[in-house]
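Please read them with the coordinates open.

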Amino acid sequence: MMPLLRRLASAAVLSLLGILSFAQNTVILDDSLVVTVSSSLKMKVEETVRIMVLNKDGEDDAAFMKTLASGWSLKSFSGRLVDPMGKVVAKYGLKDVRSTQFSEGLADDYTTKYLVFSSDRFPYVVEYSYEENCTQGFLVPPPFAPVRLYEQEMKRASYTLVTPSDYGVSWSSFNCAITPQTIEGNGCVSRKWVMPGFSSISDGIFMPLPEDLFPMVCFSPDMISWFKREGSLRTIDEYGRWKWNLIEESSEIPAELAATVHAIADPVVNKRDKILALYGYMQKNYRYVSIQIGIGGQKPMSPGEVYRNKFGDCKALSNLMKCMLREAGIESCYVEISTSRRRQPRDIVYPGFMDHAILKIPDADGDLWVECTSSKLPLGYIHQGLAGHDAFVYQDGTMHIETVPDYSEDENMSAGNIRIEVKEDGSATIVSEYSYSGLTFEGMFPFGSLDAAGKREVLRDITGLPSSEFQDVRYDVLADGRNSSISIKFSSTIPKYTSKSGNRELIPLFPGAVRTGKTAFPAGRTVPYMVYAGNSRTDDISVVLPSSMRFETLPEDISVSNRAGSCLMECKVTGERALHIHLARNILKGDFSSEDYPELETVIRFYDSLARVKLSVVPR
C-alpha cells in the first residue's frame, strides 16, 4: 500500500472507531483490572490492556511499567503490537520485559519492570496482560485509575475486587459516580466497577490537577499487614495507633546525641530560638537520602542510626528532629503528607497517597510546619509540595487530618523597584531591586548558591535584557518561616536603551522588552480552570530624563478588574524631568468555570500590553 493510501486507511479506521481527534496521543480501548485478595498478606493483580498509540508522543504512555517492592513478583506477561488493520506486528513474553533497580535513593528494595512497544507507523495498538503477586502484606489494594494523562481518551475500563466474605473493605470515588456490581458465593465477594468513556483533554495553562479532573476509585481494607505488623484502617484512631507505635519504636535517642541537644538548647531561653538552634544543627550535620527497605517504607530509622550514619530519609530526619525536640522539652507531631496531591479522602482512611514526612511543632505564636530534608530552607517555610495540602498528623497515639496553611494572593508576592536614568546619548543606568515572598520565594531561593554565570542568566531572565551585564549584585534573605522573603539588588548600564522614531526617542517602560512573555490561550476551552496559588506582582518604575529631553506625552491611568483578578497602571510626575509609574497585577486563587476563562485571559493580556509600553520623549 502506498504511504498516502496507508495514512488514509488508518484515518478511516480511526474515524470508524470514533477516536479521530487532534487533541490526544493515546486511546485506551479497554483496561480490565482484577484484584484478588486472599488475606491481609496475599494479593494477586491481573490486568489486560488494549491501548492505541496515535503519534510519537503517545509511545511512552502505552509502555508497560510496574514498580515492585519487596514481597511482590511479576509472575507472567504477554503482549503484542497490532497495526490498525488488525495484523500482529510483534509478540512479547516475560523474557522480553526488562528490569532495573536504578533509584535516586541510597537504598530501597524496589525493582521496576518495563517494556516499550515501538513502531515507526502510526497508529498502532498495544495489547498486554500480566499477573503480579504480593506475599508479604500490603496497606491498600491498587486504585482504579485508568486515565492518568492529558491527551488520553478512554473507551472502557473495569475493576474487579475479589475478597473473602469476612474481609472488610471501604472505597471512595473521585470525579465519578459509579456503583459496583456485587456477587457473593463460595466464601467470596466479587465487586466490579465499570467506568464509562472519558474524552481526551488537552493540557494547557491553569489546568486542574489530575486529582480534580480524572476519575478514580481507591480502596481501604479494614485489616492490614505490613511485614508481619498487623493493623487496621477501619478508623482513623485505629490506624493512628498502629502508625504511632511504629514511630515510637524509633524514638530512643543515644546518650551522645542527647548531650549535644542539651549543649545546644539549654543555654537558649526562648522556645523558638531553641527550635531554630536544633534545626540548624540538623541541617548542618545530616543529609537526606531515600531509604525504602521492608518495614522501613513505613517505620522511621532510629535516631541512633541517623546519628551514626549522618543521613536519613524524610521519615528518619523528621523523627530525629522530633526526638531532639522532645529531649529539649518541646513536643511535636510526626506528619505524613503527599507532595503531589492536595486533598485526601475524608470518608475512608487511605494512606496510599502519602509520599513524604515532615514535622509540625504546635506553638501559641503560630504552628511551625518543618521540612526536615532541606539543608537550606528557613525553619517553618512552607514550600509548594506542602502548602495547602492535607496531612496525617500523629501525636500521642492518635491521628487526625489537617490542612497545611496555604499562601494568599498577597503573600505570593513579587515586586520590582526600578530606577532608570536616561543619558543624552540614549544609554541608561538602571538600579533595580526585586523581592519575592510566599511561593515565589521558593523559586528564587537557589539564587544565592549559583556561580557568577548562573546569577547572570537569572538576572537577564528577570530584566528581559539578554545581553546586559550587571554590577553590585547583592542577595539578601529574610528567614522568617512562612513569611520568608528574598531581595536581589543590582545595577546595569545599557549602551543603547532608547530607540529613534523621527525626532522622538522611545523609552521602554520596563528594562526588558516584554516582561511576562506571550501566553497561549487556546480558543473554545471547555474545561474549568484552577488557580491553586493566586499571586500578586507590583512594579514601581522611576524614569529620569537628561536636561535636554522632556516627556512628549504621559501614559494614562488605566485598570481592569474582573472575577479572575485585576491589573492597573498609574502614572505620576515627580519632578521636571522625572516620572513614577506604578503597575500592579493580581491573579485570584480559585476554581473557575470555562466561561470565566476569557476573564483570566483579559487580565494576563492586559498586563502583557502594559509591559510593552514605551514612553515618548522629545528634545527640550
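The points below go from the overall fold to helix packing and then to backbone geometry.

1. Basis. This is a predicted model, in which local features need pLDDT of at least 70, side-chain atom pairs count only at pLDDT 80 or more, and totals for chains, interfaces and linings use all residues. Residues are numbered from 1 along each chain as its sequence is written, and side-chain values use heavy atoms, with hydrogens and water left out.

2. Overall. The protein has nine helices and 40 strands. These are DSSP runs numbered from the N terminus: helices are H or I with at least four residues, strands are E with at least two. The C-alpha trace spans about 95 × 80 × 40 Å along its principal axes. Of the 620 residues, 50% are buried. Buried means under 20% relative accessible area, exposed means over 50%, and partly exposed lies in between (1.4 Å probe, protein chains only). Take contacts between residues at least 6 apart in sequence: 71% of them join residues at least 24 apart. Contact means heavy atoms within 4.5 Å.

3. Helix H2. H2 covers residues 236-248. Its 13 residues reach 18 Å from first C-alpha to last, close to the 18 Å expected at 1.5 Å a residue. The expected span is 1.5 Å times one less than the number of residues. Which residues of H2 are buried? They are Tyr239, Gly240, Trp242, Lys243, Trp244, Leu246 and Ile247. Their cover includes H6 and several strands, among them S17 (223-226), S22 (333-337) and S25 (390-395).

4. H2 against H6. H6 runs over residues 314-327 and packs on H2 at about 75°, with the axes 11 Å apart. Axes are lines fitted to C-alpha atoms, for helices over the stretch in contact; angles run from 0 to 180 degrees between N-to-C directions. The pair is therefore roughly perpendicular, a class that takes 65 to 115 degrees. Trp244, Ile247 and Glu248 of H2 meet Asn319, Lys322 and Arg326 of H6. The contact residues divide into two nonpolar, one polar and three charged. Here Ala, Val, Leu, Ile, Met, Phe, Trp, Tyr, Cys and Pro count as nonpolar, Asp, Glu, Lys and Arg as charged, and the others, Gly among them, as polar.

5. H3 against H6. H3 (residues 255-265) also packs on H6, at about 65° and with axes 9 Å apart. Leu257, Ala258, Val261 and His262 of H3 make the contact with Leu320, Met324 and Glu327 of H6. By class, that is five nonpolar, one polar and one charged.

6. Backbone check. Most residues other than glycine have a negative phi, and most peptide bonds are trans. Where is the cis bond to look at? It joins Phe122 and Pro123, with omega about 0°. Pro123 is in the loop between S8 (111-115) and S9 (124-134).

7. Lys310. Phi of Lys310 is near 65°, a positive value in a residue other than glycine. Lys310 sits in the loop between H5 (303-309) and S21 (311-312). At 33% relative accessibility, it counts as partly exposed. Leaving aside neighbours within four places in sequence, Lys310 contacts Asn285, Tyr286 and Arg287.

8. Asp396. Asp396 has a positive phi of about 55° although it is not a glycine. It lies in the loop between S25 and S26. Buried or exposed? Asp396 is exposed, with a relative accessible area of 57%.

Notes. Parallel < 35°, antiparallel > 145°, perpendicular 65-115°, else oblique.
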